[in-house]
Amino acid sequence: MKAAVLYKVGEPLVIDELTLDPPKAGEVRVRVAANGACHSDLHVMTGDMRMPLPIVLGHEGAGIVTEVGPGVTSVREGDHVVLSFAPTCGVCSFCTQGYPHLCETRPKTLGTLLDGTTRLHKNGTDVFHFAFTASFAEETVVPESCAIKIRPDVPLDRACFVGCGTMTGIGAAINTARVQPGSSVAVLGCGGVGLNVIQGAALAGARQIIAVDLVPQKLDLAKVFGATHCVNPTQDDPLTAVMDLTGGRGVDYAFEVISTPKTIELAFKMTARRGVCTIVGVSPEGARISLNPNVFTMTEKRLQGSYYGSTRPRIDMPRLLDLYMEGKIKIDELVSRTFPLEGVNEAYDLLRQGSVARSVIKFF
Ligand code: COD
Ligand code: ZN
Ligand code: ZN
C-alpha cells in the first residue's frame, strides 16, 4: 500500500510502497479515507519533535474498518471510525478517573504499536508509526482503543478533523479550561487547532474572545469561528491590546496554541488575577519558559497544559460529530484545500507559509 514516509528530517515526505502486517490481538486494520495536515507532523519533519525514522506520519484520520484482530469487540468490519492518537487501557488510575488521554499504560518506545513492534515494513525493514495512527497511508493498523466508532453518515473527509484539531481545540476550552459563560478569552495562534479553541470558547458562552495571529487571513477565519476581537502583533502590541480590551484586567482564560516559550510567557502575562492560562502547543525539545514565581502567589493565576483537549475519545468524538451534523460546530470552514496523497508536501508548504488553516488528504 501507498504511504507518505519521512526518511530524513528536513526532507520532503516520500510517497512509497510499504507492506502492512495484519492486525494482531487487540488491533484493528483501517482503510484510511482522509487525513488532515496538522502542524504536529510538521514538528516531526523539522526535527522539533524527535521520532525514530523512517516513519509514516499522519494523526488526523478517519476511515473504514477492514479487519479486526483477535479479541476486538468495540468495532467490526465496515464500521466508520475516527482515529484517536491516544490509546487507552480503560483500567489504569487515569482512565478510571475520566482522564483516558493520560492513560499510563503507553509503551515507552516511540513509533511502535502497544507491543513495541511495528506493522509497517519496507523491504523487510521496520517503518515506524507516528502517534499510533500513521494515517498518511492508504491503510493502517491501530490499537482497538484508537479506532473510535462514529455514525456512518458523516463525510469522512470532515470526521477526520475530530481526530485532532477539532477535538484538541474545542476540548482545551471546554474539557481542560472549562471556560465559563460570560467570561473573557484570548487565543494566541489561530491555526487549525487555535480556531477550534475559539469555537470551543464560543460554544461555552464566552462573552469576549480575542484572537491573536500574525496572518490577516487567519484573523478573518477567527471571526468566522466566533472571535469578537482580533489582534495582529505585526500592527499592535498584543499585551497592550488585550489589556485595553479587558479594562486593564487581562482575560479570564488565555490559550497558547503556537508552541513557543515567548508566546507562552505572553499568554500568561495577559491572564487576569484568578485566571487560567492553558498551554496547548508542545515547544521544541529543550525549550524553557521564564516566569516570576511571585506572580502565582500574588495573583492566584494558574498555568496548565492541555493534551488532546483532555479527550474521552469514545464520548467526546461522537458527540462533536453530532454537533457538526446539527450545524452547531464548524468543520467545513477549516478546510482550505483537498489533495491526493501525492500532494502531501504541497499541503505542508501551504501550512508553513501560513496561507491555509487546514488541508485534507483524501484517499477516497
Ligand atoms: N504570534 C501570533 N501567531 C503566531 C505566531 C506568533 N508569534 N507564530 C505563529 N503564529 C500563528 C500562525 O500564523 C498560525 O496561524 C498559528 O500560529 C499556528 O497554526 P498552525 O495551523 O500552523 O498549527 P496547528 O493549529 O495545526 O497546531 C498548533 C499546535 C500548537 C497544536 C502545534 O504546533 C503543536 O504544538 N502540536 C503539538 C501538541 C500536540 O501534540 N497536540 C496534539 C496533536 S496536534
Ligand atoms: Zn489507562
Ligand atoms: Zn494534530
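Let's start with helix H1, residues 39-46. Which of its residues are buried? Asp41, Leu42, His43, Val44 and Met45 are. Buried means under 20% relative accessible area, with exposed over 50% and partly exposed in between, using a 1.4 Å probe and protein chains only. Helices here are DSSP runs of H or I with at least four residues, strands are E runs of at least two, and both are numbered from the N terminus.

A word on the model. It is predicted, so local features need pLDDT of at least 70 and side-chain atom pairs count only at pLDDT 80 or more, while totals for chains, interfaces and linings use all residues. Residues are numbered from 1 along each chain as its sequence is written, chains are lettered from A and ligands numbered from 1 in the order written, and side-chain values use heavy atoms, leaving out hydrogens and water.

Back to H1. The cover over its buried residues includes strand E1 and helix H11 (344-353); contact means heavy atoms within 4.5 Å. Just after H1, Gly47 has a positive phi of about 90°.

E1 takes us to the sheet. It is open, has six strands, and mixes its pairing: E2-E1-E5-E9-E8-E3. The edges are E2 (14-17) and E3 (19-20), each pairing on one side only. To count as a pair, two strands need at least two bridges in DSSP. E1, residues 2-6, runs antiparallel to E2, with four bridges between them. Ala4 sits opposite Ile15 in E2.

Now the metal. Which residues coordinate the zinc ion, ligand 3? Cys38 through SG, His59 through NE2 and Cys164 through SG, at 2.0 to 2.3 Å. Donors are N, O and S atoms within 2.8 Å of the metal, or 3.2 Å for Na, K and Ca; water is not among the atoms, so sites may look incomplete. Why call the zinc site tetrahedral? Because its four donor atoms subtend angles of 90 to 123°, and four donors qualify if all angles lie between 85 and 135 degrees. The sequence spacing is C-x20-H-x104-C. His59, in the loop between E5 (55-56) and E6 (61-68), is 105 residues from Cys164, in the loop between H3 (156-159) and H4 (165-176). His59 is buried at 2% relative accessible area. Cys164 is buried too, at 4%.

Last, ligand 1. It has 25 residues around it, the closest being His39, Ser40, His43, Asp213 and Arg358; near means a heavy atom within 4 Å. A polar side-chain atom of His43 is 2.8 Å from a ligand 1 oxygen. For Asp213 that distance is 2.7 Å.

How values were computed
Tetrahedral: all angles 85-135°; square planar, octahedral: opposite > 155°, others 65-115°. Polar contact = N/O pair within 3.5 Å; in protein donor to acceptor, adjacent residues only side chain to side chain.
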